[in-house]
Amino acid sequence: MRDFWQWMFSPSRRGPMLIAPALIMLFVMNIFPLMWSFGLSFFHYKASSIQPPRFAGLYYYEKVLTDPVVWERMQTTALIVAMSVLLQLIIGFALAMMFEKKFPLRREILMLVLTPMMLSFVAVGVFFKLFYEPTFGLLSQAYSYFSGEPLTLLATQWGAVWGIVIADAWMWSPFVMLLVLAGLVSVPDYLYEAAEVDRASKWKRFITVTFPYVRGLLLLALLFRTIETFKIFDVVYLITNGGPGTSTETIAVYVYRVAFQFFKTSQSSALSYILLFIVIVLTNLYLYFVKKRGEEG
Amino acid sequence: MSTIQVTNLTKRFGDMLAVSGVDLDVAAGEVLCLLGPSGCGKTTTLRMIAGLETTTDGEVRIAGKRVNEISPSERDIAMVFQFYALYPSLTVAENLGFPLHHDKLPQSEIDHLVSEVARKLALTDVLHRLPGYLAEGEKQRVAVARAIIRDPNCFLFDEPLSRLDVELRQTMRGQIKEILDGLSKATVIVTHDQLEALTMADRIAVMRDGKIEQVASPHDIFTKPKNLFVAGFIGTPAMNLQEAVLTGYEAGMGTFQVANQTVAIAVNPAVQNLASGASVTLGIRPRAYDIISEAADDTFSAEVDLIEPMGAETLIHMMESDTDVRVVVDRTVHLTQGERVHMRCRPDQAHVFNTEGNRVFS
Amino acid sequence: MSVLLSLFSKKERRLREAGWGWTLFAGIISLIYFFPVLWIIMTAFKTRADALATPPVFFFTPTLENFVAVFYRVAQTGGGEAISTGMGGFFFNSIFVASAGVFLALIIGTLASYGFSRYPLKGNDTYLFVVLTTRMLPPIIVIIPIFLMFRMVGLSGSYIGVILLYAAFNLPFSIWMMKSFFDELSPDVEDSARMDGSSEFGVFFKMCIPQLKAGLAATAVFAVILTWNEFLFALLLTSTDTRTVPVAMARTIGGEIGVEWGLLAAIITLFLVPVFAVTYLLQNHLLRGVTFGTIKK
Ligand SMILES: Nc1ncnc2c1ncn2[C@@H]1O[C@H](COP(=O)(O)OP(=O)(O)OP(=O)(O)O)[C@@H](O)[C@H]1O
Ligand SMILES: [Mg+2]
């Protein structure tokens, strides 16, 4: 027994021993289920039926990849990602510039801006649903006050897309702000001073001194937010539920429908694997830049 | 004319008085070194001259014009920062050309000036590199080159050599001095390295706790320190400062009671104005002593405590009645620990400081 | 908690002083940004008539009736006595499930992060990448197979199932966060403790953990909030008994006619209290937290 403990805890085994519980847990709760669903994607299987699975080969992959609906959902997702992330970058940058100063109550005011990021998607969904509510929603009332016409934002396709984009960008601009702010405060004082002594204009100072310190973090923010927005589910589910029609149905909502409303388990598994591939590529890219930044810094 | 005048310059950070009542006057072509221990306010003084720090009180004049209310960019100065402050995203050539953009020079003119200054500081080979890929000495030269590329009113350096190794420091000291000599600009160099100050400066201003203690030429700072602080701060190994009692004065020779010994030492005639029995501090540099084989009226004796070879010379620590006396002798002089030796101070090498700590002289 | 703040108030560049004028400017902008949250909180204190008023009312007599209604409603039949809405139970579930899941994740995760940081394996980065990827995946593709598995083994709708899932959900986050803290800690202290004859357990528990108390607290609190806000897993894996607040909230807006906005706003307001507290306390860690420890400053 004693020998066994010694064997277990010998220095060369210490690393694996420490990591093992975590890897086991991840394997059981994440990796194995994923592999299992990978298996399912090659069979005809419906979670709602009692028929045993039948082998289907690449049938579902073929089906998913040639399905125009999937491509449509991908496009919807891409549109929302592009609009939202761009908006986040712009608002986040502007907010960061605002907080790159010392002023009384800065911490408390910063807190107001940071809160949205910490909220539950559900809460954010409710906020904006209330805002967009056609009769007494604040936005609708403001709109009709100025234009005289009622606003039913979520009834049109573009209105619904904007409705989602605004909610998501509102929630996550603070994230970009945090990253940019971190970049801004990491610019050494003496560089600004040198630029001042060298009589550089404001714009030149921004381009040569400020921007190089923010560039890397801006790229990370872009990638991170792209990955996260790509998964957008809760906000869409709560605000538009994919509507009107299916015009705001993102890929994540679509997978949810396929899996839990139509119970097309095999098809949803095949679709999952395609998403998984995309996320892995993006995550890899993100970590590559994180590492690069660490080596430079 | 390129001059810097500073009168009654004062800076407070909250309750802390960082710089208080500093007066300086730097003529065109003169190099003034601000020297002092860490935290004494050197950088703050320099930054106020540059306009990077507001003044609490006092006036800064550059080229005869009051500049207190003027931003650094309008003061027309060039500064070398302690951490060089090279723009990390610009190549060396772009860094060097950066200060010229304000003057809206044509690119060909900029290129010409850049290549000229690069040649002067041996940077031609690294012109297309980014600062991140430069050696420390090259970075430092880029910082200097960027400062001298244009024709400003004056130059300000904040510890320009502090990040270089000993050898590079020596060569750069000479090089900077040479360049500055050819430019006839008022220059202020901040340093805490006295060797740097002694070699580069036309005049040295010694600072302590935000105040200027003495401004004088390197020679005068060394040979005529105004007070105990300057005397102890300048010179390595530091000057021996011993408590003594003046017991008499006659024809240039003062008699002192030092560590239970009576010694006659040649001193400044002003010493005769002190009352007999006055407490004074005797300041004698370690290199001003000669080791003598026999005791005499004008010798002091002590026991060898520690021997520290320093290469060409040897530093001897001696003890007498709990006072430590340091003497530097040629390396050919051999002494052994515990040995009792006699030493004599060379003429005109002893300083007498009164109870206020000021040197007594006429 | 004040320890937590003082230890991590990172050294920032001396920011330019902007004074009270800027406080006013930033304060107004931030209040506008914060307005959706404020509006919900105001709605929570409004009577039903005020909440649905057109034009919207900004000044009103606050009432607590919505908060009472969160937990009790008047019985339709019988003597009209107050009966529980079950919301209290959902709040309990949210707290219980989040703390238990995070507790488990933190133990396993801290050990693993110590291993990753101090005893890197061959392919350490690959393991870390896999760990992070499991977290970056769209939750919807993780949940499909887990949903099926849980149904098969009968964990669906039980506390154990949800807690296990949340432990796995928080594990990658805990590992990356804690690793970023371990990486900042110089191993010299541990080595010198080893020289002085401390056992490996002693090194870990007496040297590392006390130094990382603040980091552990930050990670724990952050993970609790992430779990507290989580919606999709809870939607699919909880039953009436184990339902969490976000799911309950979503059901309140889910389609029925005449959403009880005042009631919903009251639930959200209660739900937000811990989020505010945490955002304030963790202000210096937010960046690290929201990027899963990949970006520190
Ligand atoms: N922005 C500031 N706020 C508060 N105190 C400051 C500030 N800048 C400098 N000080 C203080 O003023 C004093 C003088 O600082 P200064 O940097 O001028 O010293 P120094 O002589 O350059 O020292 P060193 O040789 O270490 O660079 C120090 O005690 C320092 O702590
Ligand atoms: Mg300094």
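I count a residue as near a molecule or strand if one of its heavy atoms lies within 4 Å of it. With that criterion I placed ligand 1, which lies between chains B and C.

**Conventions.** I am working on a predicted model, in which local features need pLDDT of at least 70, side-chain atom pairs count only at pLDDT 80 or more, and totals for chains, interfaces and linings use all residues. I number residues from 1 along each chain as its sequence is written, letter chains from A and number ligands from 1 in the order in which they are written, and take side-chain values from heavy atoms, with hydrogens and water left out.

**Entry: ligand 1.** I looked up the 12 residues around ligand 1 and noted that B:S38, B:G39, B:K42, B:T43 and B:T44 come nearest. I then sorted the shell by class and found four nonpolar, five polar and three charged residues. In this scheme Ala, Val, Leu, Ile, Met, Phe, Trp, Tyr, Cys and Pro are nonpolar, Asp, Glu, Lys and Arg are charged, and the others, Gly among them, are polar.

I next listed polar contacts (a pair of N or O atoms within 3.5 Å). A polar side-chain atom of B:S38 is 2.5 Å from an oxygen atom of ligand 1. For B:C40, a backbone N or O atom lies 3.2 Å from a ligand oxygen, and for B:E159 a side-chain N or O atom lies 3.4 Å from one. On its own, ligand 1 has 630 Å² of accessible area (Shrake-Rupley method, 1.4 Å probe), of which the protein covers 65%.

**Entry: elements around the ligand.** I assigned helices (H or I, at least four residues) and strands (E, at least two) as DSSP runs, numbered from the N terminus. β2 and α1 of chain B each supply at least two shell residues, and α1(B) gives the largest share, three residues.

Entry: I traced an open, antiparallel sheet of four strands in chain B, in the order β2-β1-β4-β5; two strands pair if DSSP finds at least two bridges between them. Five bridges join β1 (residues 4-13) to β4 (residues 57-62) in chain B, and B:Q5 has B:R61 as its bridge partner. Helix α1 (residues 42-50) lies across β1, β2 and β4 of chain B, at about 120 degrees to β1(B). I took contact as heavy atoms within 4.5 Å, and angles, from 0 to 180 degrees, between N-to-C directions of axes fitted to C-alpha atoms, for helices over the stretch in contact.

**Entry: backbone.** Most residues other than glycine have a negative phi, and most peptide bonds are trans. I noted that B:N8 has a positive phi of about 50 degrees and is found in strand β1 of chain B.

Technical notes. Polar contact = N/O pair within 3.5 Å; in protein donor to acceptor, adjacent residues only side chain to side chain.
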